[in-house]
Amino acid sequence: MESTFGQYKIIFTGPVGAGKTTAIASISDLPPVSTDAKASDMTRNRKSGTTVALDYGVLTVDGGESIHLYGTPGQERFDFMWDILATGGIGLVLLLDNTRSDPFRDLRFFLGAFKEFIRKTKVVIGVTQMDLNYHPSIDDYHAQLKTVGLNPPVFEIDARVKNDVSLLVQSLLYSIDPGLKVS
Amino acid sequence: MTTDNRTGPLRIRVLGMDNRSLSTFKMFLQGPCQNLAVPVSGESAEISLVDLDGHGASELLANEQERFPDRPIIVTSLRSPGVSGAIHVAKPVKAAGMMAALKEARLMLSLKKSRPEIRQEEGGNLEAVKNPDKQDSPVVLDTRKPRIRRHQRRSTHQTAMLLDERAYSSYVGVVADINSKDPHQVEKAHYDKKKYLQAFVESAVKVARTRNRILQLNCGWKPIIIFPHSNEIWIEADDRQIRSFCVVPIHSILDLDLRGANENPRSIISPVSPDLVHADRDPKKFQSIDAFIWKIALWTSNGRVPDGIQLDQPVYLDRWPNLSRFVIVPHALRIAALLNNQSMTLMEVAETLEIRQQYVFSFFSAAMALGLAGQLPGQHQSAGACAPRIEPQRSGFLQKILHRLKVG
């Protein structure tokens, strides 16, 4: 499946401050292109800058092909961008910030916003900042997900740690096809 | 901060209750709760209690946490509130639950007094947030709601240990695949977990979580202290030592009764004495309870499955383990993805993925120890188990991405 941008892509989404920009930077071959700007609304409470258009990173694989990593703008008022970004994506990485006031609301919101995309592809969930706020636990997230009929991988991650982000993306790929093998 | 080295009642500030409820609560503390705490107002309080079901309770709690970030807070509510750093007492509040919470709060006061570095860590992170150069860092504090940082220990949140086939072999050893038709080989592929540390830890964690209190597991070796509120355990041992002890049958060493004599000094599970809680602890020895159980189940299993698991009966995986924080056996992600998609026998999993049985058995044993996996009842009808596949061209590209991610 080719995306509208002519290549494969993985979409990173989630609320402001969940670590999308950082996660893409963790695994991208090139310094990610980011469109952060000074926050001027409710996001200022959580980040001094926030992504207003998109983040972009790239992973180059054997043979010179690339997998493109797109981060959606976290602010909901930019949700018109999400469909455009998601078109042609092979899967969704949803990052949630466990220190936000209602992470389950974020979970439901983003699952709803990407409902059609998830139906056609797969989703994995990374929960950040669990070292600061242990609750809700990973089990609590699974319980929430069951109520909407989903059972994806949910990992605690530190978006700055390449291994964490890599595992999350690997779980996305294996969710698409458990038969994938790496020689 | 107020001292806690005394035996008098804790001074508790109660928020979110009307006068009538507060009067009742005072009597509850004096009587059934054996005068462990006495309500006071304002600054003289050592701990706070917030009734989360009251009007505006969330705001009260946030304000209290902001005003007194070092103060232990007990919250009462009908539903689990998911409040970090607070001790939860579920309604209807019973004396035992409230007394346990008050003791826990007293221990927290003691810990804070003996570990002032917790405050320093907070200060450090606040500095990081103020530094605009670090604005992309996910360590962003919600300054509206300062938290008590019980989870600063990186050991509890460290990234997964990835074992490829070679590393796994040198770590655990190689176990030959078995013929499931050979009863002798099938028997050798099983182990009785009740004989090993694994079962004792699982039981002790269950008790600690049920009673909602810090407990110590005494199993004839190093004590293991279980902190259910923060989902942590502490043991003065490194992985190599723990791994060695995992395969030692300890049931015959100990005269144990897991049903639990609370105050019996010979009991396998005992409340943690204040002395032990106050002891200088190496923060690197704290581990996540789930990661610890997963790990000791892997080591105890050693490529086998617990007794009672039928190799020709399908098993299920209820949900993905939190693999980013666990020791990862070879092909764990593939096994999880496959079993999460469909139930099948353990032998079929190994065949479908074309991997050694010991990886599947180890993975399943660890997932089962955490209550994430189990065996389906009834006779298995061969479903022609196979992994869901996608078109070869796309599959080839996904494999390239995987290779790229794994190679780094």
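Predicted model: local features only at pLDDT ≥ 70, side-chain atom pairs only at ≥ 80, totals over all residues.
**Notes on a sheet and its cores**

1. Within the pair, B:Ile226 has B:Ile233 of strand 10 opposite it.

2. Both strands belong to an open sheet of five strands in chain B, ordered 11-8-9-10-12 with antiparallel pairing. At the edges you will find strand 11 (269–271) and strand 12 (286–288) of chain B; each has a single partner strand, so one side of each lacks a neighbour in the sheet. On average, and ignoring direction, neighbouring strands here are turned by 30° against each other.

3. Now for the helices on this sheet. Helix 7 (residues 197–211) of chain B packs on it, touching strand 8 (215–217), strand 9 and strand 11 of chain B, and its direction makes about 170° with that of strand 8. Helix 10 (residues 289–301) of chain B also packs on the sheet, where it touches strands 9, 10 and 12, with a direction at about 80° to that of strand 12.

4. The largest nonpolar core is worth a look too: it has 130 residues, and those with the most contacts inside it include A:Val93, B:Ile226, B:Ile293 and B:Phe364. Beyond its neighbours within four places in sequence, B:Ile293 is in contact with B:Val201, B:Glu202, B:Val205, B:Ala369 and B:Leu370.

Methods. Residues numbered from 1 in each chain as written. Chains lettered and ligands numbered in written order. Core = buried A, V, L, I, M, F, W, Y, C linked by C-beta atoms within 7 Å. Buried ≥ 20, exposed ≤ 12 C-beta atoms within 10 Å, placed from the backbone. Contact = placed C-beta atoms within 7 Å. Pairing = 2+ DSSP bridges. Helix = DSSP H or I, 4+ residues; strand = E, 2+ residues; numbered from the N terminus. Axes fitted to C-alpha atoms, helices over the stretch in contact; angles between N-to-C directions.
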